[in-house]
Amino acid sequence: MIELQDVYQVYNEGGTHALNGISLKIDDGEFVFVVGPSGSGKSTIIKLLSAELRPTQGRVHVNGFEIENIPHKDIPYLRRTIGVVYQDFRLIDNKTVYENVAFVMRAVGAPQRIIKKRVPYVLELVGLKNKSRRFPHQLSGGEQQRVAIARALVNNPDVIIADEPTGNLDPARSVELMTLLEKINGLGTTVLVVTHERELVNQLEKRVVAIERGVVISDRTGGYYLDEEK
Amino acid sequence: MKRSSSRPDWGYFIKEGLTGIKMHGLMSFAAVTVIAACLLIIAIFGLVAYNIGVLIDGLASQNEIAVFVDENLSREEAQALQQSLESVPNVESVTFVPKEEAFDIYLEMLGEDAYIMEDLREDNPLRDEYRIVMKDVALHDETVEALKEVVGIAAANSEKEISDKLMQMQRIVNAVSYTLVALLGAVSIFIISNTVRLAMFARREEISIMKMVGATDGFIRIPFIVEGMTLGLMAGLVAFFAQWGVYDYITEKLVESSGIFSTVAFSEIWSMLLPIMLASGIVIGILGSVLTIRKFLRV
Ligand SMILES: Nc1ncnc2c1ncn2[C@@H]1O[C@H](COP(=O)(O)OP(=O)(O)OP(=O)(O)O)[C@@H](O)[C@H]1O
Ligand SMILES: [Mg+2]
């Protein structure tokens with residue numbers, strides 16, 4: 001479960017007030033879109049959830065961890081409960097698809113026996129089973145992204161977070177991606193998608209949290225109608 | 001909360017650590033060479049100090065003093081001193097060595113070169129002497145003084161002076177050794193830390209991903225510690241073999257040129273030296289990598 005309570009985030013450099021008393025609660029198993037204009041604080045929320053940042057003020061609770069006073073040594077264990085898909089994928093260029101995914105299992109101390117079973121399963125799930133020996137540069141953008149999703153999934157996190165996952169995908173690919181994320185959500189994983197692609201969001205009947213200037217301005221299920229309301 | 005703490009995968013850590021060394025082959029080679037040179041220099045001084053120590057111990061355990069009889073005394077008068085010498089405190093035994101016998105001993109010591117001195121037999125420049133064995137070596141100085149006080153004794157001779165000189169030399173060599181350990185040790189640690197920093201920098205992407213997916217600092221650290229440790233270990237090994245060559249060469253030259261210096265053979269010290277060299281290498285490797293990693297993993 002994810003819960004932000006009256007959270008403020010001020011960046012030291014530049015003194016930007018990125019979040020201004022935001023409150024948000026996401027239950028286990030939900031599929032949530034977080035939308036908002038550039039600079040509204042979406043990525044900042046993700047950084048808080050993964051303890052890359054600590055809130056300047058307020059409470060941030062993620063899967064039983066209190067980010068506002070999490071000890072340094074607990075951060076890895078928090079991060080094992082969330083899988084983040086970055087906009088730029090952050091794959092390792094000189095590792096194969098298989099290695100890119102297997103490597104994060106090894107990083108959390110999984111035994112080889114389990115890795116050998118789990119990685120092919122996850123690659124199958126994202127439709128890349130027959131490309132496991134390729135290197136990232138031998139894949140299309142959409143395929144690279146699916147590697148990133150496989151990697152986020154492989155340690156069986158409670159939550160998957162995707163930051164602008166459709167950024168460089170054509171509309172057809174975007175729909176495919178959403179179908180994949182729904183499938184993952186169907187397996188019981190909470191899914192949080194940050195985006196500003198309105199068409200995509202409107203196609204799906206999901207909960208949509210709209211953010212502007214660091215506060216929630218709308219939180220409703222069934223699409224992103226904000227502009228029409230104004 | 002998933003806190004799976006499965007056993008560490010050492011195969012993986014070692015493989016990753018060695019990958020770093022291979023990836024920067026030239027840098028690793030340079031690091032090993034320089035550190036090996038540092039260890040070699042330290043070890044050379046260490047072994048010099050060790051040899052001096054062995055010499056001193058050898059001398060100190062000799063509890064014999066030679067005292068020389070005033071040459072104006074007749075043979076009878078000289079032999080009569082036996083009792084006065086025996087009554088000096090701390091004296092265990094007293095043996096009279098007439099100058100003719102002393103001359104023979106001296107010639108024997110010269111060996112092949114003895115013929116040079118043969119002509120002097122008629123005009124023996126030596127003096128009658130007494131060989132005195134002490135009860136307690138610790139009272140050496142007092143005993144020598146007391147022996148000199150005996151009327152008819154012109155001089156007392158012992159290895160004490162050489163021993164004192166050697167001790168002074170040992171102090172200097174020790175001081176130099178400690179300075180070198182500090183200085184070259186710091187240089188070596190710095191080199192390891194730089195090499196490991198390079199390795200970490202090359203893999204910073206991987207490290208940041210590992211952190212984001214929940215790898216512990218310990219897990220991220222280990223391959224780099226393995227890398228530093230391996231470099232240190234290799235340097236220790238190289239330094240050991242280099243030391244072997246250098247030591248044999250130096251001792252051979254020394255014995256050849258002076259003949260009087262006795263040195264400890266390498267075969268007697270290698271089993272002590274090898275673990276020391278390897279351990280030093282490992283310690284340098286660990287310290288160097290840990291220093292860098294601590295800086296790198298903050299945040
Ligand atoms: N590391 C940082 N240091 C200082 N200011 C920052 C930092 N990161 C973000 N900001 C500022 O905080 C505000 C919110 O940034 P954030 O990245 O959360 O926006 P966003 O909603 O993700 O935007 P986008 O849709 O463009 O990705 C912006 O004004 C940004 O300039
Ligand atoms: Mg962003």
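Ser28(B) is buried in the predicted model, since its relative accessibility of 3% falls below the 20% limit that defines burial. The residue belongs to helix H2 of chain B, an element that covers residues 25-60. When neighbours within four places in sequence are set aside, the contacts of Ser28(B) are with Ile21(B) and Leu231(B).

The fold of chain B comprises 10 helices and 4 strands. Read from the N terminus, these elements follow the order α-α-β-α-β-α-α-β-α-β-α-α-α-α. The radius of gyration of chain B is 31 Å, well over the 19 Å that the globule rule gives for 299 residues, and chain B is therefore more spread out than a compact globule. Along the principal axes, the C-alpha atoms of chain B occupy a box of roughly 100 × 45 × 30 Å.

The domain assignment divides chain B into domain 1, made up of 2-58 and 165-296, and domain 2, which spans 64-158. A distance of 52 Å separates the C-alpha centres of domain 1 of chain B and domain 2 of chain B. Among contacts in chain B with a separation of 6 or more, 83% join residues 24 or more positions apart. Buried residues account for 39% of the 299 residues of chain B. The accessible surface of chain B is about 16,900 Å², with 63% supplied by carbon and sulfur atoms. Chain B carries 24 positive and 38 negative side chains, and 27 Å lies between the centres of the two sets.

Chain A contains 8 helices and 10 strands. Its radius of gyration is 18 Å, close to the 17 Å that the globule rule gives for 230 residues, so chain A is as compact as a globular protein of that length. The box filled by the C-alpha atoms of chain A, taken along the principal axes, is roughly 50 × 40 × 35 Å.

Of the 230 residues in chain A, 56% are buried. The charged side chains of chain A number 29 positive and 29 negative, and the centres of the two sets are 9 Å apart.

Terms used: Residues are numbered from 1 along each chain as its sequence is written. Chains are lettered from A and ligands numbered from 1 in the order in which they are written. This is a predicted model: local features need pLDDT of at least 70, side-chain atom pairs count only at pLDDT 80 or more; totals for chains, interfaces and linings use all residues. Side-chain values use heavy atoms; hydrogens and water are left out. Domain bounds come from an automatic or database domain assignment. Helices (H or I, at least four residues) and strands (E, at least two) are DSSP runs, numbered from the N terminus. The radius of gyration is taken over C-alpha atoms; the globule rule is 2.2 Å times the number of residues to the power 0.38. Buried means under 20% relative accessible area, exposed over 50%, partly exposed in between (1.4 Å probe, protein chains only). Lys and Arg count as positive and Asp and Glu as negative; His and the chain ends are not counted. The place of a charge is taken as NZ of Lys, CZ of Arg, CG of Asp or CD of Glu. Contact means heavy atoms within 4.5 Å. Accessible areas come from the Shrake-Rupley method with a 1.4 Å probe; for residues, only the protein chains shown count as cover.
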